[in-house]
Amino acid sequence: ARAQIGVTGLAVMGRNLARNFARHGYTVAVHNRSFDRARSLVAEHGGEGDFVLSESMADFVASLERPRKVVVMVKAGAATDAVIDELVPLLEDGDIVVDAGNAHFSDTIRRERALRDHGLHFVGTGVSGGEEGALNGPSIMPGGTRESYESLGPLLEEISAKVDGVPCCTYVGPGGAGHFVKMVHNGIEYADMQLIAEAYDLLRRGLGASAAEIGEIFAEWNRGDLESFLIETTADVLRHVDAATGQAFVDVVLDQAEQKGTGRWTVKNGLDLGVPITGIAEATFARALSGSVPQRTAGAGLPAHTREWEVKDREAFVEDVRLALYASKVVAYSQGFDQIAAASAENGWGIDRGAMARIWRGGCIIRARFLDRITEAYERDAGLPLLLADPYFTEAVAGGLASWRRVVAGAAGSGVPVPAFSSSLAYYDGVRARRLPAALVQAQRDFFGAHTYKRVDRDGTFHTDWSGDRTETEV
Ligand code: NBP
């Protein structure tokens, strides 16, 4: 046994993770169900480091130093269970199985319990950054036992992305915590992308600007608070010209966004936890609307009753959109971090939200300058109930409020759909309201369902006899 780490599942992701380990000087055992993939990895990249090639799972396991560390990087779902079932009888007490695929956290909770009964550590790990990240440094979100992190963590930190020399990998929490955080990361990514798309649409319709011109605006934005991978790639995509037609590339792409499902998972979980993640939900539904072809066909040409968007000062308008984008983005992140806090409390995961923002600064799709500000906010107050209430963010959003309101009102008046911008503003106004019309909703619930209500002026739970003499009783 001489390999320090093993990777089984050598499609794009596993292959690149294995190469990443090898390039960092580790001896890497490699295995794949169909041997060809394993053989070609070593044939093509064997020179990058020290690989131990095995055809059978038994040889692969035997080639690993103890405690064995096996990274499973196969298709999420049944394939992961199949590989685990094959691995378990070959492993020994204290060995570590790392599922680096995109598992749903509930599967991870189930698998972690099952492997614990076998004396094994199961580490459900979020890995973000796609192919490129896997090879050159992803953001890594490992769950499982703290004990497993002691031997596994240093290897994962070594191959992760680094920002200011700090690894984009840290222990997240027990059980399904790692995959949960990865799920919310993806949900936030949905929100971020939708907000950027809305900003683009506003600029396009408000200014009548070309895609390339808007690309320049995004490139400029990338030099300020909005600096991020997604803004940078947006600038790049918008300036790209389609070779076949000579048109702006974005103009020849069909306007129907697809999804692999992690946004949906995040929204479902938000509903289960009762956490209003409206930014992520609007983004997920916006993709669904874009793909609702029969509805869009039937709806095209519905009356609009809009007015022309008169942009008098081009620069001021661009700045309004920028500030509205930033404020909406803060709301989406604030909501996502609430979701992490709620799940962490419910499952006893003890997740440090500031550390999550820190490990998202590099390697992953939502990497951004402003994540530093989030880490700082949770360092000031680890139990912060609302990111928007951190002094830095309160001030940052306040500075853009007038712009945000102008943009959302202007969009409504001229008929530009901005579900994520407007719902973020509605959330902001809701969360800062001292009194909400929920009082009426609760009164109605008591009226027709005898669901009772509480009063603002005294303790207790009450019901009014609505169908009788309307006397109030304490229940
Ligand atoms: P795929 O998701 O396409 O899975 C292909 C791999 O799964 C191959 O190695 C294949 O073996 C193996 N496999 C299958 Br399918 N069924 C199997 C079974 N019953 N037993 C053993 N092996 C089986 O690979 P990927 O795109 O590299 O992604 C790997 C994981 O990483 C997924 O969970 C994915 O969601 C996640 N992820 C992907 C990205 C990305 O950007 N692609 C990013 C982050 C996370 P074979 O070669 O013998 O068919």
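H305 is found in the loop between α14 (293-299) and α15; helices (H or I, at least four residues) and strands (E, at least two) are DSSP runs, numbered from the N terminus. This is a predicted model, in which local features need pLDDT of at least 70 and side-chain atom pairs count only at pLDDT 80 or more, while totals for chains, interfaces and linings use all residues. Residues are numbered from 1 along each chain as its sequence is written, and side-chain values use heavy atoms, with hydrogens and water left out.

The phi angle of H305 is near 50 degrees, a positive value in a residue other than glycine. With a relative accessible area of 83%, H305 is exposed; the classes are buried under 20% relative accessible area, exposed over 50% and partly exposed in between (1.4 Å probe, protein chains only). T452 also has a positive phi, near 70 degrees, and is likewise a residue other than glycine. The place of T452 is the loop between α20 (438-449) and β10 (462-464). A further entry is the peptide bond from R66 to P67, which is cis, with omega near -10 degrees. P67 sits in the loop between α3 (57-62) and β4 (69-72). For reference, most residues other than glycine have a negative phi, and most peptide bonds are trans.

## Ligand site

The ligand is surrounded by 20 residues, the closest being M13, N32, R33, S34 and R37; a residue is near a molecule if one of its heavy atoms lies within 4 Å of it. By type, the shell divides into 11 nonpolar, 6 polar and 3 charged residues. In this division Ala, Val, Leu, Ile, Met, Phe, Trp, Tyr, Cys and Pro count as nonpolar, Asp, Glu, Lys and Arg as charged, and the others, Gly among them, as polar. Helices α1 (12-23) and α4 (78-87) each supply at least two residues of the shell, and the largest share, 3 residues, comes from α4.

Polar contacts are pairs of N or O atoms within 3.5 Å; within protein, one must be able to donate a hydrogen and the other to accept it, and residues adjacent in sequence count only if both atoms are side-chain atoms. A polar side-chain atom of R33 lies 2.9 Å from an oxygen atom of the ligand. The backbone takes part at L10, where an N or O atom lies 3.5 Å from a ligand oxygen, and at V12, where a polar backbone atom is 3.5 Å from an oxygen atom of the ligand. Taken alone the ligand exposes 910 Å², and the protein buries 76% of that; accessible areas come from the Shrake-Rupley method with a 1.4 Å probe, and for residues only the protein chains shown count as cover.

## Nonpolar cores

A nonpolar core is a set of buried Ala, Val, Leu, Ile, Met, Phe, Trp, Tyr and Cys residues joined through side-chain atoms within 4.5 Å. The largest such core has 87 residues, and those with the most contacts inside it are L203, F218, W221, W360, I374, W404 and F421. A second, separate core of 30 residues includes V7, V71, I140 and Y171.

Helix α9 (residues 211-221) has A211, I214, G215, I217, F218, A219 and W221 buried. The cover over these buried residues includes α8 (177-207), α10 (229-239), α11 (249-252) and α15 (314-347).

V71, in the second core, is found in strand β4 and counts as buried at 4% relative accessibility. Leaving aside neighbours within four places in sequence, V71 is in contact with I5, G6, V7, T8, L17, F21, V98 and A100. V71 and H31 are 40 residues apart in sequence and 10 Å apart in space, C-alpha to C-alpha.

## Two buried helix positions

N20 lies in helix α1 and is buried, with a relative accessible area of 1%. A polar atom of the N20 side chain lies 2.9 Å from the backbone oxygen of A134, and the backbone oxygen of L135 is 3.3 Å from a polar atom of that side chain. Beyond four places in sequence, N20 touches G133, A134, L135, N136, G137, P138 and I159.

G263 belongs to helix α12 (residues 262-273) and is buried, with a relative accessible area of 0%. Residues up to four places away in sequence aside, G263 touches Y190, I280 and T284. The C-alpha atoms of G263 and M183 are separated by 7.7 Å, with the two residues 80 apart along the chain.

Technical notes
Contact means heavy atoms within 4.5 Å.
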